[in-house]
Number of protein chains: 2
Amino acid sequence: MPFDPESLRFNEAGLIPAIAQDATSKDVLMLAWMNAESIARTLETGRVTYWSRSRQAFWVKGETSGHVQELVDFRYDCDADCLLVLVRQTGPACHTGRPNCFYRAVRDGETVELSAPV
Amino acid sequence: MPFDPESLRFNEAGLIPAIAQDATSKDVLMLAWMNAESIARTLETGRVTYWSRSRQAFWVKGETSGHVQELVDFRYDCDADCLLVLVRQTGPACHTGRPNCFYRAVRDGETVELSAPV
């Protein structure tokens with residue numbers, strides 16, 4: 001069945017959350033947001049492109065840092081209101097220099113850092 | 001450092017997205033939402049508890065279906081506006097009966113189903 005981007009469910013701001021997962025390690029790297037046009041650009045270019053809510057602009061991941069995400073597989077969920085992009089990540093995914101954004105864990109009521117900036 | 005739930009950034013509805021990942025297979029299972037109280041309950045009980053936006057009620061995952069999620073690790077991201085819960089999943093995570101919610105992929109413009117209900 002041809003993929004119809006119109007079948008996706010965007011929020012009131014026209015956005016849908018996109019989880020990025022490393023296609024090899026399967027680590028969850030980050031969560032960011034896409035609109036219809038950034039989905040089209042991601043599928044067309046193979047370069048993962050989000051919508052920056054803070055800058056209100058397209059955000060080609062790694063365009064400035066070089067830490068690009070090459071699209072390996074594009075998936076969406078049962079409710080069509082969340083995306084999962086499997087990627088080949090160049091360099092750290094997190095702007096803090098860590099491999100991924102989820103570097104803090106809560107254990108026995110304490111926040112523990114799982115990785116340091118590289 | 002003691003974990004302060006107040007340091008998390010909730011959206012205007014008081015919610016934060018939570019990605020559930022299978023702690024063993026590392027498959028991304030689903031994305032749902034939590035509020036401050038469902039986070040407290042998840043950490044206290046070890047049973048992953050979301051906030052259902054459609055029902056406007058706490059949603060102890062698997063309470064009805066038996067497809068519970070036992071918390072293995074609770075993480076949050078650099079911006080403190082997204083959670084990642086690593087879980088031990090009993091049965092299928094998706095309400096469609098599939099192992100996870102991300103069973104549709106877009107390949108060459110076509111939607112492909114990656115798994116069937118079990």
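Buried area is the accessible area, taken with a 1.4 Å probe, that two parts lose on being put together, summed over both. In this predicted model, local features need pLDDT of at least 70 and side-chain atom pairs count only at pLDDT 80 or more, while totals for chains, interfaces and linings use all residues. Residues are numbered from 1 along each chain as its sequence is written, chains are lettered from A in the order in which they are written, and side-chain values use heavy atoms, with hydrogens and water left out.

**Stop 1: the interface.** Select chain A and chain B together: the two bury about 3,400 Å² between them, 56% of it on carbon and sulfur atoms. If contact is taken as heavy atoms within 4.5 Å, 40 residues of chain B are in contact with 40 residues of chain A. The rule finds six salt bridges across this interface, each being a side-chain nitrogen of Lys or Arg within 4 Å of a carboxyl oxygen of Asp or Glu. Zoom next to K26(B) and D27(A), whose side chains meet in a salt bridge of 2.4 Å, N to O. On the side of chain B that touches chain A, the residues divide into 22 nonpolar, six polar and twelve charged, where Ala, Val, Leu, Ile, Met, Phe, Trp, Tyr, Cys and Pro count as nonpolar, Asp, Glu, Lys and Arg as charged, and the others, Gly among them, as polar.

Stop 2: Helices (H or I, at least four residues) and strands (E, at least two) are DSSP runs numbered from the N terminus, and two strands pair if DSSP finds at least two bridges between them. Select β2(A)-β1(A)-β6(A)-β5(A)-β7(B)-β8(B), which is the order of an open sheet of six strands with mixed pairing. At its edges stand β2 (28–34) of chain A and β8 of chain B, each with a single partner strand, so one side of each has no neighbour in the sheet. Where the chains meet, β5 (residues 69–76) of chain A runs antiparallel to β7(B), joined by three bridges, and R75(A) stands opposite A105(B).

Stop 3: Select β8(A)-β7(A)-β5(B)-β6(B)-β1(B)-β2(B), six strands in an open sheet with mixed pairing. Here β7 (residues 104–107) of chain A pairs with β5(B) in the antiparallel sense over three bridges, and R104(A) stands opposite Y76(B).
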